[in-house]
Amino acid sequence: MIEGIFVEGLIYGIMVLGVFISFRILDFPDLTVDGSFPLGAALMVQCLLSGMNGWVALLVAFAGGVLAGVVTALIHNHLRVPNLLAGILTMTMLYSINIRILGNRANVPILDQPTILKQVTEKFTGIIPDEYILLVFFLVVALVVKVLLDLFFRTDLGMTLGAMGNNEQMVISQGVNPKTLKTIGVGLSNGLVAISGAFAAQYLGFADVGLGQGIIVSGLASVMIGEFLMLKSNRIGVLTFCALAGSICFYAVMYVGRFYGYVIHMTPSDLNLIKGVLIIVLLIMTQAKKLKVPFKVAK
């Protein structure tokens, strides 16, 4: 159970890093995530079924996610559509596109396909205990993604992206086009989400058009948990670590709900209710922390 919690938390942690970029760094509420996650899964599955190498298929999934994010940014920038509505439009269109990619089917299994996870398991069997192979693999993958993001946000482009999220007018005054920055940031965000979807499809053994349902809620909850539980810092390395830690904590709660929910007669359909209640509780606790002031005795 512990191994499953960490593996699932790390897989979806890549998605959380994408949500962190759009919501926290860019201040761009992006609902494209609910469509780009199953898009990554669908592209990965179809590429594997066509005989493509797994790592090349992963790049295809990343490119598909980037394209989805770019479409959202273009709708927002050039049609002057609010970011929330732009994301909803892209997410809605992606539902039909994902079904098309899956061959007009809602669910496509890949249990007999040579996935990346199967190759890694076969390669390290006997070197690492079988139950920990995927845990070590996803830990390495998540850390590589985190380090690359940390390095990116230390570049001039990355720091400009962060500055735009805090003060867009300042970026404009420096002669930088914010539309271009939003396109890059939202594209990168959805590319990471698609990679997470591609790994999730391999881990689950199938791609489904419903994989992305409510995934944005999971991402937001994970980001909020990480920010609430971990140290407060403006350093990008700490913030990305908090996002990954929040993902693991969130999926630990979901795991406990799935395994022990029967005690309170909870069904799988109640998990979305738990996600919503968890976010509300976190919001209340965050607001209480902000409003808390030292007690002073009146003289």
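Start on the surface. Leu67, Val71, Leu85, Ile88, Leu89, Met93 and Ile97 form a nonpolar patch there, and together they have about 570 Å² of accessible area. A reminder before we go on: this is a predicted model.

Which helices supply the patch? Helix 3, residues 54-78, and helix 4, residues 83-101, each give at least two residues. Helix 4 has the largest share, with 5 residues. Take one of them, methionine 93, which sits in helix 4.

Arginine 80 is in the loop between helix 3 and helix 4. Its phi is positive, near 55°, and arginine 80 is not a glycine. This residue is exposed, at 76% relative accessible area.

Now move along to asparagine 104. Here too phi is positive, at about 60°, in a residue that is not a glycine. Where is asparagine 104? In the loop between helix 4 and strand 1, which covers residues 107-109. Asparagine 104 counts as exposed, because its relative accessibility is 53% and the cut-off for exposed is over 50%.

On to helix packing. Two packed helices are described by the angle between their axes and the distance between the axes. I have two pairs for you, and helix 9 is in both.

First pair: helix 7, residues 156-166, and helix 9, residues 178-204. Their axes come within 10 Å and cross at roughly 105°. Angles of 65 to 115 degrees count as roughly perpendicular, so that is the label for helix 7 and helix 9. Which residues meet? From helix 7, they are Leu157, Thr160, Leu161 and Met164. From helix 9, they are Pro178, Leu181, Lys182, Ile184 and Gly185.

An angle over 145 degrees counts as roughly antiparallel, so helix 6 and helix 9 are roughly antiparallel to each other. Look at the contact. Helix 6 brings Leu134, Phe137, Phe138, Val141, Val145, Leu149 and Phe152. Helix 9 answers with Leu188, Leu192, Phe199 and Tyr203.

Last topic: salt bridges. How many does a search of the whole structure find? It finds 2.

One joins the side chains of arginine 24 and glutamate 227, at 2.6 Å from N to O. Arginine 24 is in helix 1, residues 2-25, and glutamate 227 is in helix 10, residues 215-229, so the pair ties together parts that are 203 residues apart in sequence. Arginine 24 is partly exposed, with a relative accessible area of 40%. Glutamate 227 is partly exposed as well, at 25% relative accessibility.

The other links lysine 146 and aspartate 150, with the closest N and O atoms 2.7 Å apart. How are these two separated along the chain? Both lie in helix 6, residues 130-152, and they are 4 residues apart, which means about one helical turn. Buried or exposed? Lysine 146 is buried, and aspartate 150 is buried too.

To recap, then. We have a nonpolar patch supplied by helix 3 and helix 4. Helix 9 runs roughly perpendicular to helix 7 and roughly antiparallel to helix 6. And there are 2 salt bridges. Thank you.

Terms used. Residues are numbered from 1 along each chain as its sequence is written. This is a predicted model: local features need pLDDT of at least 70, side-chain atom pairs count only at pLDDT 80 or more; totals for chains, interfaces and linings use all residues. Side-chain values use heavy atoms; hydrogens and water are left out. Patches are made of residues with over 30% relative accessible area and no salt bridge: like charges are joined within 9 Å, nonpolar side chains (Val, Leu, Ile, Met, Phe, Trp, Tyr) within 5 Å. Accessible areas come from the Shrake-Rupley method with a 1.4 Å probe; for residues, only the protein chains shown count as cover. A salt bridge is a side-chain nitrogen of Lys or Arg within 4 Å of a carboxyl oxygen of Asp or Glu. Buried means under 20% relative accessible area, exposed over 50%, partly exposed in between (1.4 Å probe, protein chains only). Axes are lines fitted to C-alpha atoms, for helices over the stretch in contact, and angles run from 0 to 180 degrees between N-to-C directions. Angles under 35 degrees count as roughly parallel, over 145 as roughly antiparallel, 65 to 115 as roughly perpendicular and the rest as oblique. Contact means heavy atoms within 4.5 Å.
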